[in-house]
Amino acid sequence: MANPGNARQMEQEGDRPEGTAAGGPIIERVHGAAELVPESPQRREFTDRVSNRADFERMPEEYRADCEIGGRHLYVSNWVLTAPNADDIWRMSRIAAEEVDHFRKINKLLKIIGSSADDRLWVDREERYVDAFKSEMPSWADIAVFGMLIDRVGEYQLDEFMDSSFEPLNQMLPPVLAEEKGHVSFGIQKAKDLIGQGRKDELQAAIDRWYPEALDMFGSATSKRVAKYIKWGLKRRTNEEARIAYKAESDAVLRELGLEIPEVAGKLQYAAG
Ligand SMILES: [Fe+2]
Ligand SMILES: [Fe+2]
C-alpha cells in the first residue's frame, strides 16, 4: 500500500501545530466514492486547484499542515529472499520496488510544498505511524492477508484523493493506484494458493489478526478534520463512509473464498463498531 500517515494518525495527533505534522498523508481511497457520496454544495465547496509551491502557500494554514505523509512501509523486507518459490520471490521483489517508488513519488510531492519525508527512509517498526506497520509479519499467510486487506485499505485511501484539489497528487496517483490494485490481487492469489494447499486455518488466523486493524485504519468515525478535507477537495467521503464501503467489499471477497468474517465487536479503536 502507499504508506499512509493516515486519517487515523491525524486523529491520534489531534490539532498539532501547523508545520509539525509527522504523518498525515495524503493518501486515502475508495471504490465507487463518487456514486456513494453525491456531490453537494457542502462537499466540494472548495474548488481552487493547487498546482505548485506558490499556490500551496496561498492556501489556509490548515490545508498546508495536512499535506504531510507518513513513512513507507517495509513489510516486504522480510520476504524478498524467503518467499516460498522463485515466482513469489520475484513478485515480492517487485512489490518492494513499487513500494519504494511510491515513497519516492510521495516524497517528491512533499518537496513541492516545502516538506520532506527524507527522515522516514528508515523507521524502526515500533515507531511507524500506522499500527499495521508496527506488527510482526510472522507467516506467509500474513503476506497474503496483508495484500488482500491492508493493501486494499491503501487502494481505498489513494482513490479517495483522485481528482483532488492538489494537482501534482492527481498526476502521481493513477500508476500508483494501479500497482496497489496489483498488490491486492497478489494477496488474493496467495490466499487461494494457501486454501488449495489445505492451509485455510492458517489463512483464517491471519485474517482474524488483520481484519480489525484494516477497519481501524480508516480513522475516527467522529472525525471533525475529515469535514475540512472534504471541503478542501482533498477527500470525497467521511472515514465511516469509506470504512463501510471497504468492509462490504472485503467481506464479499472473504465469503467468496469460503472464509469467515471476523467478529470485531469490542476490538475496534476507531471504527463505530
Ligand atoms: Fe502496496
Ligand atoms: Fe504502496
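Modeller: A residue is called buried when its relative accessible area is under 20%, exposed when that area is over 50%, and partly exposed in between. The structure under discussion is a predicted model.

Biologist: What share of the residues in the protein is buried?

Modeller: The protein has 273 residues. With the cut-off of under 20% relative accessible area, the buried share of these residues is 57%.

Biologist: How much of the accessible surface of the protein belongs to carbon and sulfur atoms?

Modeller: The accessible surface of the protein amounts to about 11700 Å². Of this area, the part that belongs to carbon and sulfur atoms is 51%.

Biologist: How many helices and how many strands does the secondary structure contain?

Modeller: Along the sequence, the pattern reads α-α-α-α-α-α-α-α-α-α-α. The secondary structure therefore contains, with helices and strands taken as DSSP runs, eleven helices and zero strands.

Biologist: Among contacts with a separation of 6 or more, what percentage joins residues 24 or more positions apart?

Modeller: A contact requires heavy atoms within 4.5 Å. Of the contacts in the protein with a separation of 6 or more, those between residues 24 or more positions apart make up 78%.

Biologist: Which element gives the most residues to the largest nonpolar core?

Modeller: The largest nonpolar core has 38 residues, and W140, V145, M148, L149, L203, I207 and Y246 have the most contacts inside it. Two or more residues come from each of α5 (86-112), α7 (140-160), α8, α9 (200-216) and α11 (239-256). With eleven residues, the element that gives the most to this core is α7.

Biologist: Which residues does V145 touch, not counting residues up to four places away in sequence?

Modeller: V145 is one of the residues with the most contacts inside the largest nonpolar core. Apart from residues up to four places away in sequence, V145 touches I150, L203, A206, I207 and W210.

Biologist: How many residues form the second, separate core?

Modeller: This second core is separate, and its members include I106, F166, M172 and L234. Its number of residues is 20.

Biologist: Where does α8 bend?

Modeller: Helix α8 (residues 167-196) has 30 residues and reaches 45 Å from its first C-alpha to its last, close to the 44 Å expected. The helix is followed by G198, whose phi is positive, near 75°. The bend is about 40°, with the proline P174 following within four residues, and its place is L173.

Biologist: With which residues is G187 in contact, leaving aside its neighbours within four places in sequence?

Modeller: G187 lies in helix α8 and is buried, with a relative accessible area of 0%. Although G187 and L149 are 38 residues apart in sequence, their C-alpha atoms are 8.2 Å apart in space. Leaving aside neighbours within four places, the contacts of G187 are A144, G147 and M148.

Biologist: Is D163 buried, partly exposed or exposed?

Modeller: D163 is found in the loop between α7 and α8. Its phi is near 55°, a positive value in a residue other than glycine, whereas most residues other than glycine have a negative phi. Because its relative accessibility is 47%, D163 counts as partly exposed.

Biologist: The side chain of S165 reaches the backbone oxygen of which residue?

Modeller: S165 lies in the loop between α7 and α8, and at 2% relative accessibility S165 counts as buried. At 2.8 Å, its side chain reaches the backbone oxygen of W232.

Biologist: Which residues does S250 touch, not counting residues up to four places away in sequence?

Modeller: S250 is placed in helix α11. Its relative accessible area is 1%, so S250 is buried. Beyond residues up to four places away in sequence, S250 touches L149 and R152.

Biologist: How far apart in space are R120 and N107, C-alpha to C-alpha?

Modeller: R120 is found in the loop between α5 and α6 (131-134), and with a relative accessible area of 12% R120 is buried. R120 and N107 are 13 residues apart in sequence, and their C-alpha to C-alpha distance is 9.7 Å.

Definitions and conventions. Residues are numbered from 1 along each chain as its sequence is written. Chains are lettered from A and ligands numbered from 1 in the order in which they are written. This is a predicted model: local features need pLDDT of at least 70, side-chain atom pairs count only at pLDDT 80 or more; totals for chains, interfaces and linings use all residues. Side-chain values use heavy atoms; hydrogens and water are left out. The expected span of a helix is 1.5 Å times one less than its number of residues. The bend at a residue is the angle between axes fitted to the seven residues ending there and the seven starting there. A nonpolar core is a set of buried Ala, Val, Leu, Ile, Met, Phe, Trp, Tyr and Cys residues joined through side-chain atoms within 4.5 Å. Buried means under 20% relative accessible area, exposed over 50%, partly exposed in between (1.4 Å probe, protein chains only). A polar contact is a pair of N or O atoms within 3.5 Å; within protein, one must be able to donate a hydrogen and the other to accept it, and residues adjacent in sequence count only if both atoms are side-chain atoms. Accessible areas come from the Shrake-Rupley method with a 1.4 Å probe; for residues, only the protein chains shown count as cover.
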